[in-house]
Amino acid sequence: MSYSPAGDPGVPDTRSATRYLVWLAGRHKVLLTVGIALGVVWMVAQALVPAAVGRAVDGLTRRDEDALVTWGLVLLGLGVLQAAAGILRHRCAVHNFLAAAYRTVQLTVGAANRLGAALPRRVAAGEVVSIGTADISQIGSAIDITARGTGAIVAIVTVGVILLGASVPLGLVVVLGVPLLMAVVGLLIRPLHRQQQAYRDSEGALTTRAGDIVSGLRVLRGVGGEPMLSARYRARSQALRADGLRVARVESLLEAAQVLLPGAFLVLVTWLGARFALRGEITAGQLVAFYGYTAFLVSPLRQLTEAVDKLTRGHVAARRVVRLLRLTPELVDPPHPAALPDGPGELVDVESGVTVRPGRFTALAATAPEDASAIVDRLGRYVDSDATLHGVPLRGLPLATVRERILVGDNDAHLFTGRLRAELDPHDRADDAAIAAALAAASATDIVEALPDGLGSVVAERGREFSGGQQQRLRLARALVADPETLLLVEPTSAVDAHTEARIAERLASARAGRTTLVCTTSPLVLSRADHVIFVEDGKATAEGTHAALLDGEPRYRATVSRGED
């Protein structure tokens, strides 16, 4: 059985982990209610079987054939009811499990999209991965167990009432013994909760570290840092193993209690029942029924302890999800968006004084690379600032409008898994000629030609089959295929050799002719092709002009682009 939620996942209740779980359960009230009702029927049908067996035994003792047949048929009916209710309950439980798990996935992905570029700064990658792999299962199990847990409670109450009616002492043993057993089990839940929390924290941190190591493995090997990082990862892995052992230790005690305590309870009730039968206080059939009840009670007691365990795990997982869902984006749409004129316009960063003129190929050379990145972040509205487009503050425009008009391409962008053509043109808007032109401008045609299926080849996660320079060229091609009104590029040739850089510099200017383009670079090959060059020092635009003019008239610019060499 599969479940694929459609439509708006709704607004979750993130005031607490408990409220979130209740909100999830309320999203499918009908199936949840039906599942609980079927769970009650399923367990109560099992609870009534010993009574039917006891009555049949009494009929056999009295040689009452009618009673034997009647209770035999009742027993058959209870068996059929139990089987039907069990099958339907399981189907509802699976649906509720998947509904809760995939609803959480929807909300997590939505939160990641809402946070956008701020996500890596607010949440570790391992945290998000753990939510999508481990936590959704725990949350689904917490919703799933409600049917069996409720059925177990009703079944225990039913058995207690029946036993009290037949024998007050035995009934009191059940009525008082079950809460006592649950109290003993409850003593293990709190330490289990703490250990699971610690394990979950360590797991998320280790996942993040593993992702960092894998993504930077080529660099680590180049600088000889692999052994040191491997040793640190091994140490963290052993710490996670120790946390896992502590969780397993408490879980083993809980599992043992689920077997030992109901078993001891079974022995006690059977012994008491046998003594009452020998004294003639109960019939042989009632003794058989009592034994059946105590044997049956092992199942609902295990269901209850399992429910406590899964609800605890679900609560721990829900706390993680709620913490992510509570995060708010750094940038939000204005309540009253401003109107923006059509067509390209001047893009101005007020803080640095950088002005990107429309329709021109502009280069920005900064003495500090971080200054260039900060300017682009402001111009692309990835941070709040006073930057303007057409004289309209970017903070007064909807984010969707800014993203549509201005595209930022930097070296932190990733290649995703899938067909290369879809990776280069995710919106499927460009034709073959446009893609070929973008690949040529990015000097990436040879990369595609070397692939077995060309544009139809499958790209692995983060494009790990490509070198750093190849990934950079493919990212540049993707930006050119998008053909935005304004394109802001950060060091688009930093990972390629000089010959490739020269080809890209020559072709990029032609590919973006008549379109607004800003390239942050200190490469003389790219700067010499720019229509206009802006020199930035200490975060401020200090000089402007052509590359040749700045080389002749600005010593600081000359020192920056020549790497300090005369």
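The legends below describe close-up views of a predicted model.

Residues are numbered from 1 along each chain as its sequence is written, and side-chain values use heavy atoms, with hydrogens and water left out. Because the model is predicted, local features need pLDDT of at least 70 and side-chain atom pairs count only at pLDDT 80 or more, whereas totals for chains, interfaces and linings use all residues.

**View 1. Confidence along the protein chain.** The mean pLDDT (the predictor's confidence in each residue, from 0 to 100) is 84 for the protein chain, and 90% of its residues reach 70 or more. Helices (H or I, at least four residues) and strands (E, at least two) are DSSP runs, numbered from the N terminus. For residues 1-7 the pLDDT is below 50; this stretch has 15 contacts in the model beyond near neighbours in sequence, a contact meaning heavy atoms within 4.5 Å.

View 2. G160 belongs to helix α5, which spans residues 125-166. The residue is buried, with a relative accessible area of 4%; buried means under 20% relative accessible area, exposed over 50%, and partly exposed in between (1.4 Å probe, protein chains only). Leaving aside neighbours within four places in sequence, G160 is in contact with G171, V174 and V175. The C-alpha atoms of G160 and V173 are 8.8 Å apart in space, while the two residues are 13 apart in sequence.

**View 3. The stacked pair of Y20 and W23.** The structure holds two aromatic pairs. One of them joins Y20 and W23, which are stacked at 6.1 Å centre to centre with 20° between the planes. Rings of Phe, Tyr and Trp (its six-membered ring) pair if their centres lie within 6.5 Å; planes under 30 degrees apart count as stacked, over 60 as edge-to-face and the rest as tilted. Y20 and W23 are separated by about one helical turn because they are three residues apart in helix α1 (residues 17-26). Y20 is buried at 0% relative accessible area, and W23 is also counted as buried, at 15%.

**View 4. The edge-to-face pair of F535 and Y557.** The ring centres of F535 and Y557 are 5.7 Å apart and the planes stand at 85°, so the pair is edge-to-face. F535 lies in strand β11 (residues 532-537) and Y557 in helix α19 (residues 555-561), and the pair therefore ties together parts that are 22 residues apart in sequence. F535 has a relative accessible area of 0% and is buried; Y557 is likewise buried, at 0%.

**View 5. Arginine charges over aromatic rings.** The charged end of R89 sits over the ring of W42, 4.5 Å from its centre. R403 lies over the face of Y382, at 4.0 Å from the ring centre. A charge sits over a ring if NZ of Lys or CZ of Arg is within 6 Å of the ring centre and within 35 degrees of the ring normal.

**View 6. Nonpolar cores.** A nonpolar core is a set of buried Ala, Val, Leu, Ile, Met, Phe, Trp, Tyr and Cys residues joined through side-chain atoms within 4.5 Å. The largest core has 40 residues, and L439, L474 and Y557 have the most contacts inside it. Helix α15 (residues 468-482) supplies the largest share of this core, six residues. Not counting residues up to four places away in sequence, L474 touches L415, L420, L424, L439, A444, I447 and F466. Apart from this core lies another, of 30 residues, among them V174, V178, F290 and L301.

**View 7. R512 in a loop.** R512 lies in the loop between α16 (498-511) and β10 (516-520). The residue is buried, with a relative accessible area of 2%. Not counting residues up to four places away in sequence, R512 touches L480, D483, P484, E485, T486, L487 and T517.

View 8. S443 is not a glycine, yet has a positive phi of about 55°. This serine lies in the loop between α13 (432-441) and α14 (445-450) and counts as buried, at 5% relative accessibility. E491, also a residue other than glycine, has a positive phi near 45°. E491 lies in the loop between β9 (486-490) and α16 and is partly exposed, with a relative accessible area of 24%.
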